[in-house]
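Me: I would like to go through this structure, beginning with the ligand site. Please look at it with me.
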Amino acid sequence: MAKVAHPAPTLEWDTPLYQQALTQLEHALELADVPDLTSTRLRHPERCVIFSLPIEMDDGSYRSFPAYRVQHSSVLGPTKGGIRYDEAVDLGECAALAMWMTWKCALLRLPYGGAKGGVRCNVRELSMNEVTRITRRFTAELAPFIGPQLDIPAPDMATNEQTMAWMMDTYSMQKGYAVPEIVTGKPISIGGSVFRHEATGAGVVMVIERACSRLGWDLATQRCAVQGFGNVGGIAATELHDKGARVVAVSDISGGVYSPAGLDIPTLHAYVAQHGSLEGYTKDVERITNEELLELECDILVLAAREDQVTGENAGKLRCKLVAEGANGPTSNEGDRILAERGIPVLPDILTNAGGVTVSYFEWVQDLGRLFWDRDEIRRRLADKMSDAFDRVWNVSQERGISLRDAALVAAIREVSGALEARGVYP
Ligand code: NAD
């Protein structure tokens, strides 16, 4: 029988989001001047695992949920990255986010590589018991691939301290003793760190503050719009508000609220705590859509919802002077190009939202040492780490005349490359 020629399949993780991460990498590799070994190794994740989780639903029926974990690079240490529960989770998304985690950890000089994982599900349609069962089954399936010296999960979209507590408990039950250092972002009662909850949003504002000072702006006089009012966006809005900046708009998946005079952020938080989202909030505000929020006239636009929000379609319509990426991958490559042409600087995700993984690192160190620091100590250590990374990125950008994103990637890739060269390729 004649042989049928099959074209080589594309690599399983090769989706548009992965292409976005890869295009950024290729561009940065041209600027970074690193050996072939580095580019060959870093273009692909080291390990991808796909699971299907059989879950008994509350009505007695069974459903199967796809789940993923991708580890991009372990050259600098154990891999580290969040777990997200979202309908859009797929292998390519996890692989792209894992690659960004590698750059983020390297840029902040943390002894970690990047990972990411998640379950494809819609938590708004699930009961608490169903989410618990998904989390515990996922952790049991993940057990051979994670570990305090191997891969350390953390919260991400639609997962939180409670999710991490279930993961820590499930892993610990299998080991037979408490292993708090298996995850970060846990409740403080089981080895979590003070200030971890606030760390990403607070770090976003530390970077914005440092950028304002380099640009000669006073943060307290800036008008800010924040897309996303969850962990990152909600805390960033509070920190901006506390520093005297005027937060004129915030939004979540239900839409946004706008007040040119500035929003009352604590009242909005209280409303969300009671109602679950900003939906229905109308007191002293104008309701706007997420598209409208992005195009509002303001000074600083904080993107803290999800990936792919500023694209070739709308980048030309933004009316801010600075973009801060609190979310991962919120600006598409085409969007980035248009913003660069328009002279709107972008504080890149791998720098701007690195506060979370940095305090996660502090949490892991504290768990391993069974010794805990106070809030002031952690805030001070975080500010030192964020400022050091910001200054390195800013200086590379100025010296080489390249964007802040390229500068951040170049700095990060060189860190990983140095370790790769020193270690070489086994065997
Ligand atoms: P979250 O689930 O707590 O909050 C997400 C927020 O965005 C919610 O308010 C949600 O309603 C809103 N949202 C979702 N889709 C939206 C849309 N299409 N338009 C407008 N709003 C929308 O998640 P989070 O932890 O705040 O994460 C947000 C982003 O930050 C993600 O990209 C995540 O990967 C990134 N990030 C999070 C952390 C962390 O420590 N939590 C660290 C680094 C990066």
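Me: Which helices each supply at least two residues of the shell around the ligand?
Reply: H6 and helix H7 (231-242) each do so; helices are DSSP runs of H or I with at least four residues, strands are runs of E with at least two, and both are numbered from the N terminus. This is a predicted model, in which local features need pLDDT of at least 70, side-chain atom pairs count only at pLDDT 80 or more, and totals for chains, interfaces and linings use all residues. Residues are numbered from 1 along each chain as its sequence is written, and side-chain values use heavy atoms, with hydrogens and water left out.
Me: How many residues surround the ligand?
Reply: The shell holds 22 residues, each with a heavy atom within 4 Å of the ligand. Asp156, Thr200, Val232, Ile253 and Asn328 are the closest.
Me: What lies 2.7 Å from an oxygen atom of the ligand?
Reply: A polar side-chain atom of Thr200 does, and one of Arg196 lies 3.4 Å from a ligand oxygen. Polar contacts here are pairs of N or O atoms within 3.5 Å. Phe229 places a polar backbone atom 3.1 Å from a ligand oxygen.
Me: Changing topic, where is Leu219 found?
Reply: Leu219 sits in the loop between helix H6 (196-215) and strand S6 (223-227).
Me: Is Leu219 buried or exposed?
Reply: Leu219 is buried, because its relative accessible area is 6%; buried means under 20%, exposed over 50% and partly exposed in between, with a 1.4 Å probe and protein chains only.
Me: How far is the C-alpha atom of Leu219 from that of Ala245?
Reply: They are separated by 6.0 Å, although the two residues are 26 apart along the chain.

Terms used. Polar contact = N/O pair within 3.5 Å; in protein donor to acceptor, adjacent residues only side chain to side chain.
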